[in-house]
Amino acid sequence: MNVWLLLGLLLLLDALEDVAGQHPPKHKRPKEQGENRIKPANKKVKPKIPKIKDRDSADPTQKSPSIMIQMMDRGRFQKPAATVSLMAGQTIELRCKGNKIEWSYPAYLDTFKDSRLSVKQQERYGQLTLVNSTAADTGEFSCWAQLCDGYICRRDESRTGSTYVFFIEKGELFVPAPSYFDVVYLNPDRQAVVPCRVTVLSAKVTLHREFPAKEIPANGTDIIYDMKRGFVYLQPHSDHQGVVYCKAEAGGKSQISVKYQLLYVEVPSGPPSTTILASSNKVKGGDDVSVLCTVLGEPDVEVEFRWIFPGQKDERPVGIQDTWRLIHRGLGHTTRLSQSVITIEDFETIDAGYYICTAQNLRGQTTVATTVELS
């Protein structure tokens with residue numbers, strides 16, 4: 001046998017021994033285009049947990065995004081921070097998205113119908129612009145969208161915005177007060193505020209009693225300091241009475257505020273406590289008679305009076321005069337005495353009957369009556 005033929009047979013036998021015991025290859029059909037794009041089914045994949053977006057949160061107390069933006073230099077806009085500091089004299093422009101926007105701003109700007117303030121409603125947003133700003137303009141600026149059904153509108157609490165703006169003015173650490181002396185009434189059933197607000201966010205503010213001279217600590221329990229309101233007496237009582245002032249320190253400078261007289265109020269809040277009294281309940285024809293309606297109430301709560309009297313339908317001429325004054329009733333207790341008197345001259349038959357007085361304040365109304373007869 002040819003030597004070369006024998007060597008070839010030996011190599012063939014060795015190759016057959018190497019593949020012995022292996023599974024024969026499966027028949028494969030030609031691959032279609034894109035067939036291998038499917039991942040093998042036995043590959044382990046870590047399951048992904050979907051992220052819950054903030055706006056999908058079920059927490060009803062979550063604060064909605066602000067609808068307010070502030071115009072910056074060169075036509076840029078950004079959402080204002082909770083507090084913004086600007087130099088006095090600068091212009092501030094705020095916008096709130098919506099086709100019916102209402103605004104709130106420091107009451108000082110409303111008191112004199114200040115022409116420096118402009119509030120406009122554009123097609124897609126409300127716009128507030130304040131020019132030539134001063135330290136007195138320091139305060140809260142806020143907006144909200146209105147939800148309207150016909151002529152009835154209500155505030156949309158999910159679409160609001162606000163920022164507190166400090167207008168820094170040289171020589172003015174405190175927001176200027178309208179007078180050099182003010183009165184703060186201490187009512188036992190509500191908070192009282194000494195309105196020492198500053199124009200510099202970093203200012204340190206302290207409260208002081210004039211006599212005896214001492215600092216009154218804001219301990220966080222009885223008294224706290226709120227930069228947007230001033231010193232807040234959480235539970236006022238008669239021991240808090242007296243004259244106080246505030247002191248502010250910032251940038252190595254200090255300033256004293258105006259003085260505040262704290263007066264304790266003994267009359268509880270509520271509808272007017274009203275009495276009525278006639279000068280005489282039996283009157284002769286031709287005499288003059290007067291009927292007095294009196295209210296003792298809180299010093300800072302105004303009272304309005306309305307009268308119903310027998311000659312009213314006949315347009316009987318009468319005189320009506322309303323007055324009020326503060327009275328001190330010992331131990332520093334102060335109340336407001338409000339009175340209305342109706343006077344009828346030359347009493348006639350048509351004047352006889354019931355005289356009805358209704359006194360009204362912000363907390364309700366009280367009606368009292370008395371009779372005046374012809375004797």
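Which residues does Val-289 touch, not counting residues up to four places away in sequence? Val-289 touches Ser-279, Ser-280, Val-283, Ile-342, Thr-343, Ile-344, Phe-347 and Val-372, where contact means heavy atoms within 4.5 Å. The model is a predicted one, in which local features need pLDDT of at least 70 and side-chain atom pairs count only at pLDDT 80 or more, while totals for chains, interfaces and linings use all residues. Residues are numbered from 1 along each chain as its sequence is written, and side-chain values use heavy atoms, with hydrogens and water left out.

Val-289 belongs to strand β21, residues 289-297. Helices (H or I, at least four residues) and strands (E, at least two) are DSSP runs, numbered from the N terminus. With a relative accessible area of 2%, Val-289 is buried; buried means under 20% relative accessible area, exposed over 50%, and partly exposed in between, with a 1.4 Å probe and protein chains only. Ala-278 is eleven residues from Val-289 in sequence, and their C-alpha atoms are 7.5 Å apart in space.

The chain as a whole has two helices and 26 strands. Of its 375 residues, 35% are buried. Among contacts with a separation of 6 or more, 67% are between residues 24 or more positions apart. The accessible surface comes to about 25100 Å², and 53% of this belongs to carbon and sulfur atoms; such areas come from the Shrake-Rupley method with a 1.4 Å probe, and for residues only the protein chains shown count as cover.

Another buried residue is Glu-93, with a relative accessible area of 13%. Glu-93 lies in strand β4, residues 92-97. Its side chain makes a polar contact with the side chain of Arg-95 at 2.8 Å. A polar contact is a pair of N or O atoms within 3.5 Å; within protein, one must be able to donate a hydrogen and the other to accept it, and residues adjacent in sequence count only if both atoms are side-chain atoms. Neighbours within four places in sequence aside, Glu-93 is in contact with Ile-69, Gln-70, Met-71, Gln-127, Leu-128 and Thr-129.

Some backbone features come next. Most residues other than glycine have a negative phi, and most peptide bonds are trans. Asn-132 has a positive phi, near 50°, and sits in the loop between β7 (125-130) and β8 (139-149). Asn-132 is exposed, at a relative accessible area of 52%. Glu-315 also has a positive phi, near 55°, and its place is the loop between β22 (304-308) and β23 (319-328). Glu-315 is exposed, at 70% relative accessibility. Phe-211 and Pro-212 are joined by a cis peptide bond with omega about -10°. Pro-212 is in the loop between β12 (204-209) and β13 (214-216).

The mean pLDDT (the predictor's confidence in each residue, from 0 to 100) is 82, and 79% of the residues score at least 70. Confidence is highest in β22, at 95, and lowest in helix α1 (residues 3-18), at a mean of 55. Over residues 19-28 pLDDT stays under 50, and the model has zero contacts there beyond four places in sequence. Residues 31-43 also have pLDDT below 50, with two contacts in the model beyond near neighbours in sequence. Where pLDDT is low, the predicted coordinates should not be read in detail.
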